[in-house]
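Here are my notes on the model you sent. They are meant to be read alongside the coordinates.

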Amino acid sequence: MAGRWVPAAVAIALVVLGVVATAVRLDAPSDGTVVRLGGATWHLDGVVVDVLAPRPGELRAGDLVTGVAGRRLADGLGTVQPPAPGTTLAYEAGRTVAVRAERSDPAPMLVESWGNLVFVLALAGLAAALYLRRPDEPAAAPLLVLSAGLLGSTLTVTAGLPALALATGGPQLWLFHLNAVVSYSVAWGALLAFATAFTAREPRPRLTAALYAAPLAVMAGWAALAALAAPDALRWLGLLHTGQTAVVALSLLTSMVWGTISYRANRDPLMRARMRWLLGGGAVAAVLGIAGWHVPQLITGAHPLPWGALGLTGLPFVAGIGVALRRHRLFDIERLANRSLVYAMVIAALVAGYAAVVALLVSGLRLSGTMAAALAAAGAALALAPLRNLAQSTVNRVMYGDRHDPVGAMTRLGARLQAVLLPDDVLPAVVETVARSLRVPYAGIDLVDGRTAEYGTPVGEVHLEPLRYHGTLVGHLRVSARGADDPLDPVDLGLVASLAQQVGTAVQAVRLHDDLVRSRAEVVASREDERRRLRRDLHDGLGPSLAAIGLKAGLAARAVPGDSAAKALLDEIAVEVSASLADVRRLVEALRPPALDELGLVGALRSRAASLEGAMSIDVRAEEELPDLPAAVETAAYRIAVEAITNAARHSGATRCTATMTMADGGLEVRVRDDGGGLDPARAPGVGLRSMRERAAEVGGEWSIGSPPEGGTLVRAFLPTRRGGAG
């Protein structure tokens, strides 16, 4: 039990440390400047300052401050006595500037850093709610520490570090760096621990502890090296902040790489679904932060993003957590995440719009600040309701799918069904579309004929919706709840019922197609069985009878005089019998390849292959002794294999061709592989390819042709041996 409160105690300490540092900073006199943390800020003889609210005749943004009140910063920090509010000090910035020390005004700081504050507050709210709801969840504790460290350090950095604090030193200076370096490093160690805890199949306490400490240990080592290399405390702080930027970038990259590797290695569909949202949002946030801030900061000392926008790059990570929370089955948290995301989006849009409108009115129309602020506030009030509705619909769409837009869901389902090319793909497409439309982890279909299709894995109660076509039950649609604590609500069930009406029609179309395929396969099977019977009767019955008649007619002709009329008639009978025998032979060969009955499928194919061999060697294999096959399957397999071998001999330029026949999964698999040049994309399919495809389809089978990565051409046919095909 005590271990549960350690992360909470660390998080509280980090937040309290940030609040104390912020309070000390705001309570102390300020010169109106802000010392940024980038490498371009810190010089050997001074610091480059930024000024949020410039005062006439005083310091300007970009000034290099080298001394305060007659003391050079390079000679040491904390050498000036803290001035009382209202005191005027002399600053050296390439010129002597009189600067008045006053109480800090937090308004410019808040306006500049609103994006950072929105990010850390939203992340802290989600992390705290998750930890309170699921304290035993391995990823909850590091997420709480991460959010607390970012919150405390962001509050401190938002309050800023004035150049005066470098000259006066004291609690204001060391509290700032305690948050900006130590707390910040703890936060990024928590990010590494969170990445491993979220993706690990089982807890790894030692690894988690090492990751917590890694950035802090690196920064401690870097601080020691920088102290040896830096000529003074001013330059040492500059090197310290440069190292901090590198540690943050490395932590983000490491988390991205670890998450990607874990996602690719994990084969659990539910876990992959949970990871997809968070890792996707985290990857977007990391790429934006690294490309827009950390790498440019390390290379040039500057960054293309404004200070307040760095936090906005982290909002995709917060959004990914908000959506992934439902994969943790935390549905009270999910509602909180929904509202948090909505209000974060509304506040961000209102503040950005407010600032843009004020700037436009002041600079473009020359209005006073008060009038511009009043007009912008009125516009923000009018835009509040539409913005909230837009944000709510956007967040609902991300978290709950189309449950509030049934027309859109049915339109998307219809479009998906129209895009399906093969009837066998209809049921998988339906369940996938239903699951994605409702943002549920599982959907399935059970047909009355026993066939099923599934997408995902159920994690909660499964709702059963009947599928009907003109009042006839054709199957059931199964839809899982989003989790054990989040059953489908009436809005979800209403959308499921609406989708079921369209799905029932699609299911019936699939059943009719399957019935047609089965009927055709049965007709073909009956036809081939009848042909085999007719061939047997003609070959074994009528043929020998005609031969006997011809033989007797010849014997009779010898017994009569040569000039008698009977002799002529008997000769005519012998000629007609010979012609009839030839006709019977042609009929027998047309009904069914004779070699099939004489040599069997494998023997017949080897006999035909021997006649095609030349520059290309042909090997016919059967991996096991083939059982008695239906006549239709035997004929189709022979015709397909012969056509494939013939094509290889004529067009492929191959030196070797292998034909293999194997019994598998209730059918016969025929594979013909050559080592030739492969398929020519520019060559249109000919009669032979269409003939093979049609022969396979006639018996309810499947046929395909392609060029494997190893080269050559592979023709594959699966021919079901059950009566009626594969259906």
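The points below cover a helix pair, a sheet and the nonpolar cores of this predicted model.

1. Helix H6 (residues 171–199) packs against helix H8 (residues 233–265) at an angle of about 10°, and the two axes are 9 Å apart. Angles under 35 degrees count as roughly parallel, and H6 and H8 are therefore roughly parallel to each other.

2. On the H6 side, the residues making this contact include His177, Tyr184, Trp188 and Thr199. On the H8 side, they include Leu237, His241, Gln244 and Trp258. By class, the contact of H6 with H8 has 12 nonpolar and 10 polar residues, and no charged ones.

3. An open sheet is formed by 4 strands in the order S6-S5-S7-S8, with antiparallel pairing. Strand S6 (71–72) and strand S8 (96–100) are at the edges with a single partner strand each, so one side of each has no neighbour in the sheet.

4. Within that sheet, strand S5 (residues 67–68) and strand S7 (residues 88–92) are paired in the antiparallel sense over 2 bridges. Valine 68 is opposite tyrosine 91 in S7.

5. The largest nonpolar core has 41 residues, of which Leu123, Leu143, Leu146, Leu150 and Phe317 touch the most other members. At least two residues of this core come from each of helix H1 (2–27), helix H3 (114–133), helix H4 (140–159), H6, H8, helix H9 (269–300) and helix H10 (315–324).

6. Leaving aside neighbours within four places in sequence, leucine 143 contacts Leu123, Ala127, Leu130, Phe194 and Ile321. Another core, of 39 residues, lies apart from the largest one; Ala644, Ala648, Ala659 and Val670 are among its members.

Terms used
Residues numbered from 1 in each chain as written. Predicted model: local features only at pLDDT ≥ 70, side-chain atom pairs only at ≥ 80, totals over all residues. Heavy atoms only, no water. Axes fitted to C-alpha atoms, helices over the stretch in contact; angles between N-to-C directions. Parallel < 35°, antiparallel > 145°, perpendicular 65-115°, else oblique. Contact = heavy atoms within 4.5 Å. Nonpolar A, V, L, I, M, F, W, Y, C, P; charged D, E, K, R; others polar. Pairing = 2+ DSSP bridges. Core = buried A, V, L, I, M, F, W, Y, C linked by side-chain atoms within 4.5 Å. Buried < 20%, exposed > 50% of the residue type's maximum accessible area, 1.4 Å probe, protein only.
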